[in-house]
Amino acid sequence: MNSATASFLSGLPVRVNPTDIERELASLWKPASEEAGGSDAVVRACLANLVIFFPGPEEREYAARILPEVSRRHPNRIINLLVDRNGLPGSRLEPAGGAGEARSSRLEASVTAMCSAPAPGIAPVCCEQITLRARLGEEPLLAGSVAPLLVPDIPVFLWWTGDYRNPLLPWIARFVDRVIVDSRNEKKGGVILPDIRHLSSLPEVKEVVDLGWRGLGRWRQTIAELFDDPAARRLIPEIGRLEVERAPASGGAPCSLGQSALLTGWIASRLGWAFAGKEVSGEGAGEIRTVLFRTRDGLPAQASLRVKRDFPLGRIPSGEPLLARLSARAPAEEAFVKIAIDGASPKAAKVSFQTPSLCRLPGVVPLPHFSDGELLGEILNTPVHPFVFREALEIAAPMVG
Amino acid sequence: MADSPSPTIAVPPPTALPAGRPAALPENPFAEGIRNRRVVEPCVIVLFGATGDLTHRKLLPALYNLARDGLLPQHVAIVGLARREKTDESFRQDLIEGLKRSSRSFSEADPLWQRFKSAIFYHPASFEESLGYRVLGERLERLDKELGTEGNRLFYLATGPEYFSPIVRLLGEAGLARPQEGPNSGAGPAAPAGPPGSRKRPWVRVVVEKPFGRDLPSAIGLNRELLAVLEESQIYRIDHYLGKETVQNILAFRFSNGIFEPLWNHKYIDHVQITVAEDLGVGSRGPYYDSSGALRDMVQNHMLQLLALVAMEPPVSMEADAVRDEKVKVLRALRPMTPEEVLRSAIRGQYAAGSILGEPVRAYRDEDRVPKDSATPTYVALRLHIDNWRWAGVPFYLRHGKRLPRRATEIAIQFHTPPMRLFGEASAPAASPNVLILNIQPDEGISLCFGSKVPGPDVRIRQVKMDFRYGHSFGVASPDAYERLLLDAIAGDSTLFTRRDEVEYAWKFVNPLLETWAAEGSRGLHFYPAGTWGPESADRLFEGAGGHWRRM
Ligand SMILES: NC(=O)c1ccc[n+]([C@@H]2O[C@H](COP(=O)([O-])OP(=O)(O)OC[C@H]3O[C@@H](n4cnc5c(N)ncnc54)[C@H](OP(=O)(O)O)[C@@H]3O)[C@@H](O)[C@H]2O)c1
């Protein structure tokens, strides 16, 4: 195995000619495949193309932390698109042996392998990462570089870690099956759901999938299971009030509303409620958002969203739901279905259910927290039901906008 | 899973719901778009044989993993039953070793274990005494009230087969085998009656371990005895092979890909080989194994199930009976073997001393508590035929043995060779046909062998292999078969359990082999050195048809 292949397999970036990436990749893989059967043999696997756009180094670092886990669960060809605010620091990259005389190009390219050992004694499974860097202002060049690099016949995902109104996004999205967004990521202005809704309405975007939504999977499943109980289903036409609480951020800072709003939007859309307005009182962590709805029968209904300020910090990522309580309207208002996490055991939720005529004993269901790597791996691995998400989003976006 | 028991609960006084409420029960609107949804109702799981190996090594770890993944019902209790005197607490303590060994991510300090163990109980009783069942019944009713388990029962018979029938009979006599008559709102006395539709009749299901009978008459007898007390829909006969992901994947592979099914018949397939090879011997199970042997232990159940999945027609749906109907048709179409046919188309062997991976291995007859003159086969090879339109003239070769060179289970579909040798003599080695291999274990995957031109000016064709490995593409470990099967039984899905007729048709096919070999004794028993691929006489099965056992 030559030294370029050895660096490539060990995870070091190897600089390649941006106009000849496939050939250079082939020459880097070849010595590894020639070793097949020998002690250095590796398996090259690829289930999908994962294109990732990074507006800056912070997002890049975040992705670098979670990608090894994603690749272990779901090996992909990863195509990183990077915008370099400080010029192109090509000198940091290793030139590929013999292939390094990069022709002058305004983009810079490097490749590296990501390998993981499925089990002791089994050859490592590797996939490749291609990184394209553009100078700030020259990002449009990235758009034209993606299509030729996609492995044919397998799905293409675009994980967009930047602004969802970036004009580059629809350009790249036309080659893509699903755009991955994150409704939890609100540090830039706090109103990300309307942007996600805008994105999902673009003709170039086939489907939007959301890490925050996927993170609500266990909540949705638990609520659905509660309503498998015929007695709970009888309550559905009577439900008129919803309370959702979320985990606080440190220092009393406001925390992402994305997941609470989506959970509320999902419950409301499943119940056939239509958004009718909102009122906001209080500020920061003390904010209470009251959302008004009309039910299918034209009756008023409402939801209130707030931060649970007395919840111990750090036991659950800020912004994640802690409570969902669906209650009946008068005169049966003591009937409710409730799922709540308490600070003592944050990996489980207490579920309770009571109607005027019957009371189920409270139960506990595990509500494990999934890492972002696990959520992303799930998104890559499983089909989605886009209309359920879209309907939830339609209601959630005006709630926060 | 239940929280710590809270026997009484304050219930608000009944309030009338507004008039005009629709009478029909609304659909569950939240269910839409939820993946892998199965309705699991509250229940008590009673494990008969709770101090045994299966409970400790497989069942409890599987239940714990299900609880960890949030797949068990919210209200569940586990009651272990065996003779040994134990308290709830000492039983819980005894389970820890097995959980540490077998459950992914078990830790005693985990709050999950603290909650899980609070729903585990022990009930000392003998399988054969009716008093114990009455006391059990009372205890289960108390648990219903304390934990909200709603009268639903899953009885798991992790016991020796001699107890299957007595336990079910005594369950019946104690009134535990049939769902209680009348409604059950599930919350015990604290709960006043709910509106119609909020009540359901509880269910009772019985999971029966293997072996299900030791020949056709005993299987028919056992079925008769179970069905005297239970409905067929209450009986879940375990074949843990069906719980394996890769076995289920046979159906996914066949029926979710358009390209294979058109080729899946006698026009394109030359023959099928199914191999279940084990490198282990009988270990400490000598007496049990000696009374059973390779045919009963592996072929009648697991291998015939693999055969049925490979050979069945597409079912009309994936519902339990639709799938099982098609499997039964395959088993019914197996060409019965006359005693002469048994001698021609079946080979049995027994391992002699040898070595595996450099370690000397003793002969079967020298294993602990195995008779020195035992004629029990540890190896079986069969050639059989399925007499239906699809498989006319296609032989199926089955082989299974202990102390073979390595552990491997695979199904190999060998296609016909091309009708003419276009590449002449140069392609001679490539006359080796296409083979599609479904690897079941240990290295789960699918491979296709095909001919390819060797680069160069001359025409040389050689076989190459295209490999797909689950482990390479899906970096997530498959759950243990018992997790899937327990969850299915709790959810009332019997697709992966064998139905009465399935078991009986499988025994019907195997019975002439058992009878002929019993009559022959040691005559015709072939010995093979441990660490080899079985007796050479097994190659005889390919005579006339061409082909050979695959080198694995
Ligand atoms: N072990 C496995 O890996 C495995 C795999 C597949 C299938 N199976 C099947 O599963 C079943 C159980 O196997 P196992 O290995 O767990 O057996 P085991 O270790 O011998 O356990 C038998 C259990 O039955 C109890 N028992 C026996 N006679 C009893 C009686 N008269 N009254 C009350 N309890 C009695 C024993 O408890 P006390 O001694 O405390 O009474 C013990 O808990 C068998 O049918 C076997 O074929 C086992």
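This is a predicted model: local features need pLDDT of at least 70, side-chain atom pairs count only at pLDDT 80 or more; totals for chains, interfaces and linings use all residues.
Student: How many bridges join β5 of chain B to β6(B), and which way do the two run, parallel or antiparallel?

Tutor: Strand β5, residues 204-208 of chain B, is joined to β6(B) by 3 bridges, and the two strands run parallel.

Student: What sheet do they belong to, and in what order do its strands come?

Tutor: They are part of an open sheet of 6 strands in chain B, in which the order is β3-β2-β1-β4-β5-β6 and the pairing is parallel. At the edges stand β3 (120-124) and β6 (235-237) of chain B, each of which pairs on one side only. On average, neighbouring strands of this sheet are turned by 20° against each other, if direction is ignored.

Student: Which strands does helix α2 of chain B lie across?

Tutor: Helix α2 of chain B, residues 88-102, lies across β2 (76-82) and β3 of chain B, and its direction makes an angle of about 115° with β3(B).

Student: And which strands does α5 of chain B lie across?

Tutor: Helix α5 of chain B, residues 164-173, lies across β1 (43-48), β4 (153-157) and β5 of chain B, running at about 155° to β4(B).

Student: Stepping back, what domains does the assignment give for chain B?

Tutor: The domain assignment gives domain 1 as 30-209 and domain 2 as 244-420 + 499-538, so written because the bounds come from an automatic or database assignment. The centres of domain 1 and domain 2 of chain B, taken over C-alpha atoms, are separated by 35 Å.

Student: Where is B:Arg550, and what does it touch?

Tutor: B:Arg550 is placed in the segment after β17 (525-529) of chain B, and it counts as buried at 17% relative accessibility. Leaving aside residues up to four places away in sequence, B:Arg550 touches B:Gln273, B:Arg399, B:Glu410, B:Ala412, B:Val435 and B:Ile437.

Student: Switching to cysteines, how many disulfides are there over all chains?

Tutor: The count comes to 1 disulfide over all chains, and it is formed by A:Cys115 and A:Cys126, whose sulfur atoms are 2.1 Å apart. A:Cys115 lies in strand β6 (residues 108-116) of chain A and A:Cys126 in strand β7 (residues 125-135) of chain A, so the pair ties together parts that are 11 residues apart in sequence.

Student: Is that disulfide right-handed or left-handed, and why?

Tutor: The disulfide of A:Cys115 and A:Cys126 is right-handed, because the torsion about its S-S bond is about 110°.

Student: Are its two cysteines buried or exposed?

Tutor: A:Cys115 counts as partly exposed, at 35% relative accessibility, whereas A:Cys126 counts as buried, at 0%.

Student: Last one: where is A:Glu138, and with which side chain does it make a polar contact?

Tutor: A:Glu138 is found in the loop between β7 and α4 (140-146) of chain A, where it counts as buried because its relative accessibility, 17%, is under 20%. The side chain of A:Glu138 makes a polar contact, at 2.8 Å, with the side chain of A:Arg106.

Definitions and conventions:
Residues are numbered from 1 along each chain as its sequence is written. Chains are lettered from A and ligands numbered from 1 in the order in which they are written. Side-chain values use heavy atoms; hydrogens and water are left out. A disulfide is a pair of cysteine sulfur atoms within 2.5 Å. Helices (H or I, at least four residues) and strands (E, at least two) are DSSP runs, numbered from the N terminus. Buried means under 20% relative accessible area, exposed over 50%, partly exposed in between (1.4 Å probe, protein chains only). A polar contact is a pair of N or O atoms within 3.5 Å; within protein, one must be able to donate a hydrogen and the other to accept it, and residues adjacent in sequence count only if both atoms are side-chain atoms. Two strands pair if DSSP finds at least two bridges between them. Axes are lines fitted to C-alpha atoms, for helices over the stretch in contact, and angles run from 0 to 180 degrees between N-to-C directions. Contact means heavy atoms within 4.5 Å.
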